[in-house]
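Here's a quick briefing on the salt bridges in this model. Have a look at the structure first, then read on.

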Amino acid sequence: MAPSRKLPLAVDLKDEKVHWDFRRAMSYGDYLELDALLACQRPLSGAHDETLFIVIHQASELWIKLCLHEIEGAIRQIRAGDLGPAFKMMSRVGRVQALLIQSWEILSTMTPFDYASFRESLGKASGFQSFQYRMLEFRLGNKNAAMSRVFEANKVVAKKVHAALTEPSLYDEALALLDRRGFRIPKSKLKRDFSKPYVSDRKVTDAWRAVYRDTEKHWDLYELAEKLVDIEYRFHLWRFSHMKTVERIIGAKPGTGGTSGVNYLKKALELTFYPELWEVRGEI
C-alpha cells in the first residue's frame, strides 16, 4: 500500500512576488471604492433578512447599470451599421439578464414572516421607483410616458429618464437599419414620436419575414433579430420570476409603492417589445 501524500496546510507564498505595501499605491479596495460601496447597506430595522433585501436590490441596480451601458452602446453601433460589436454587447446583456433572473431565487429564501419583520421600514419605497429599470425598459422599446411621472421630484434623474423615453429605442434603430438596407419600413415608424408606445405594423412583419426567408443573404440582420428576441425573452423570464417571488412572499397584498402588487406585475407580463418578431415566427 502506497503511503498517503501529505497535503499542505497553507498556500506557499515563498516564491510569489506579492505586493504587500499599499501606503503609496492603489489597492483593489481603492480602485473599486469598497469603503463607500460596502457602507451603503444600512438596514433600518433590526430584522436579519433586511440585509438580504438591500444587497439583492443594490446588486441588481449595478447589473442594470451595466445593461444600460451595453444597450446604449449597441444602439450607437447599430446606428453606425457596425453590427459585430452590437452583437457582443447584446449577448453580454443576455448573460447579465440570466444572473438577474437567478437573483430572485436567492430572494425567495425569505419567508413572508421574514419580510413582514421589516416591511414597514420601507415606507413608500418600491422597485417601481427604480429609474434605471425604467430607462432600460425605454431603451429596449417599452415606452410609457406615464411611468416617468414618479421621477419628477428629482430633476437630474427626470432628465435621464426623459432622454430614454424620447430617443429612438434599440428596436427603432433596428428598423432604421432595415430601411437603410432597402426594406420597405413605413415612414410612420421611422419618423414618429418615440415617447409613444410602439404599435405593430404588417409591413414591418413583411420586412422581417423577408430576412428570415433568406438568412444567407441577410445573415447579420437575421442575427440581429434573434438577439432582440433573446433579450425580450429573458426580460419576460425576469418579470415572471419577479411576479412569482412577490406572490410567494406577500401574496395578494398591495405593493409598497402603491400598485396592486402581484396583479400589477401580471399585467406587465402581457407587454411585448418587438411584436413583429413574434408574429413572423408563426408564419415561418
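Asp172 and Arg192 form a salt bridge (a side-chain nitrogen of Lys or Arg within 4 Å of a carboxyl oxygen of Asp or Glu), with their closest N and O atoms 3.0 Å apart. The pair ties together distant parts of the chain, 20 residues apart: Asp172 sits in helix H8 (residues 170-180), and Arg192 in the loop between helix H9 (187-190) and helix H10 (202-213). Helices here are DSSP runs of H or I with at least four residues, numbered from the N terminus.

This is a predicted model, where local features need pLDDT of at least 70 and side-chain atom pairs count only at pLDDT 80 or more, while totals for chains, interfaces and linings use all residues. Residues are numbered from 1 along each chain as its sequence is written, and side-chain values use heavy atoms, leaving out hydrogens and water.

**Burial of the pair**
- Both Asp172 and Arg192 are buried (under 20% relative accessible area; exposed is over 50%, partly exposed in between, with a 1.4 Å probe and protein chains only).

**Glu283 and Arg202**
- Glu283 and Arg202 also meet through their side chains in a salt bridge, at 2.8 Å from N to O.
- This one links distant parts of the chain too, 81 residues apart, with Glu283 in the segment after helix H13 (275-279) and Arg202 in helix H10.

**Within helix H11**
- Lys244 and Glu247 form a salt bridge with closest N and O atoms 2.6 Å apart.
- They're about one helical turn apart because they lie three residues apart in helix H11 (residues 219-250).

**Network and total**
- Salt bridges with shared partners join Arg202, Asp206, Arg209 and Glu283 into one network.
- The structure holds 16 salt bridges.

Definitions and conventions:
Helix = DSSP H or I, 4+ residues; strand = E, 2+ residues; numbered from the N terminus.
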